[in-house]
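I opened this model to look at its ligand site and its pockets. My notes follow in the order in which I looked things up.

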Amino acid sequence: MRLLELRKTIIERNIGRQIRLFERKRDNIGKKIEEQIRLFERKRGIRLDDEVRFIRSWLERPLTIGAVTPSGKMLARAMARYVDPCSNGPVVELGPGTGPVTEALVQAGVAPSRLVLVEFNPAFCRILRARYPEATLVQGDAYSMRRLLETLLLQPAAAVVSGLPLVTKPIRMRLRLIRDAFDLMMPGAPFVQFTYSVASPVPRRLGGFSVEASERIWMNIPPARVWVYRKI
Ligand SMILES: C[S@@+](CC[C@H](N)C(=O)[O-])C[C@H]1O[C@@H](n2cnc3c(N)ncnc32)[C@H](O)[C@@H]1O
């Protein structure tokens, strides 16, 4: 038993060392990328703050962030196009990040005071709070949307727009998310989702909702498609 204990301690120590080594390497890569970006900024005389924050967050939690850079303008506009600015009720955005889709929604005529932004990355929340002081910002887990928004929304939502990296989650979680969203929205309201993958991020065969897809948006890194689901 004592021998086993000893072996276990040694293995644990080795694993710990490997993890620390990996973290150090990851931090160094992060610093190098940031240095390169700063150099690029100085040469071109521009600032890429959102991109830098995004890359840093991605390095820390790649699966949660799901993208290396914020969505481009074309993709953000394509998402916003599915939201009727003349509709009534709040417009919920899940995973707004640094806010490119939020910006497109506002430019398309959605009043910032109608926006309910659900984001759990504290650095992104700080940016959103400063840029959209009139919007309601909820710092929390979008997959707990029902609990977070049930009492907050005073009327059914006119749309739910999602930038969440859905495909990193099991199908049952994606389905629960979309069903919770339908319960918080008015009948026929759209659940708008973008994805880099080829297939629908919510399997069509599961039924109960209509599915619509945009053309592939090539002017985005990486190219993406917008999917829209409505409860039948
Ligand atoms: C692919 S990025 C999209 C960001 C932004 N909408 C865009 O288009 O650039 C995913 C965003 O979802 C956020 N996110 C991921 N999982 C989340 C969760 N469970 N709850 C809230 N936000 C989440 C991440 O922090 C990140 O801001």
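This is a predicted model: local features need pLDDT of at least 70, side-chain atom pairs count only at pLDDT 80 or more; totals for chains, interfaces and linings use all residues.

A polar backbone atom of Phe120 is 3.5 Å from a nitrogen atom of the ligand. I then checked Asp141, where a polar side-chain atom lies 2.7 Å from a nitrogen atom of the ligand. For Ala142 I noted a backbone N or O atom 2.8 Å from a nitrogen atom of the ligand. I looked up the areas next: the ligand taken alone exposes 590 Å², and the protein buries 97% of that.

I counted 24 residues around the ligand. Ser71, Gly95, Glu119, Asp141 and Ala142 are the closest. By class I recorded 15 nonpolar, seven polar and two charged residues in the shell. I also asked which elements supply at least two residues of the shell. They are α3 (62-65), α5 (100-107) and β2 (115-119).

Where does the ligand sit? I found the ligand in the largest pocket. About 590 Å³ of space lies in this pocket. Its lining has 41 residues, and those closest to the pocket centre are Thr64, Ile65, Gly163, Leu164 and Pro165. Two or more lining residues come from each of α3, α5, β2, β4 (159-162) and β5 (191-195). I noted that α3 gives the most, with four residues. By class, I have the lining down as 22 nonpolar, 15 polar and four charged residues.

I then turned to the second largest pocket, which holds about 420 Å³ of space. I listed 17 lining residues, with Pro70, Ser71, Gly72, Lys73 and Pro100 the closest to the pocket centre. At least two lining residues come from each of α2 (49-60), α4 (73-80) and α5. I had already noted α5 in the lining of the largest pocket and in the ligand shell. By class, the lining of the second largest pocket has five nonpolar, six polar and six charged residues.

Last, I looked up the bond from Ile221 to Pro222 and found it cis, with omega near -10 degrees. I placed Pro222 in the loop between β6 (209-213) and β7 (225-231).

Definitions and conventions:
Residues are numbered from 1 along each chain as its sequence is written. Side-chain values use heavy atoms; hydrogens and water are left out. A residue is near a molecule or strand if one of its heavy atoms lies within 4 Å of it. A polar contact is a pair of N or O atoms within 3.5 Å; within protein, one must be able to donate a hydrogen and the other to accept it, and residues adjacent in sequence count only if both atoms are side-chain atoms. Accessible areas come from the Shrake-Rupley method with a 1.4 Å probe; for residues, only the protein chains shown count as cover. On a 1 Å grid over the protein atoms alone, a cavity is a set of points where a 1.4 Å probe fits but cannot get out, and a pocket is an open set with protein on both sides within 12 Å along at least five of seven lines; lining residues have an atom within 4 Å of a point. A molecule sits in a cavity or pocket if more than half of its atoms lie within 2 Å of its grid points. Ala, Val, Leu, Ile, Met, Phe, Trp, Tyr, Cys and Pro count as nonpolar, Asp, Glu, Lys and Arg as charged, and the others, Gly among them, as polar. Grid points are joined across faces, edges and corners, and a volume is the space filled by probe spheres set on the points.
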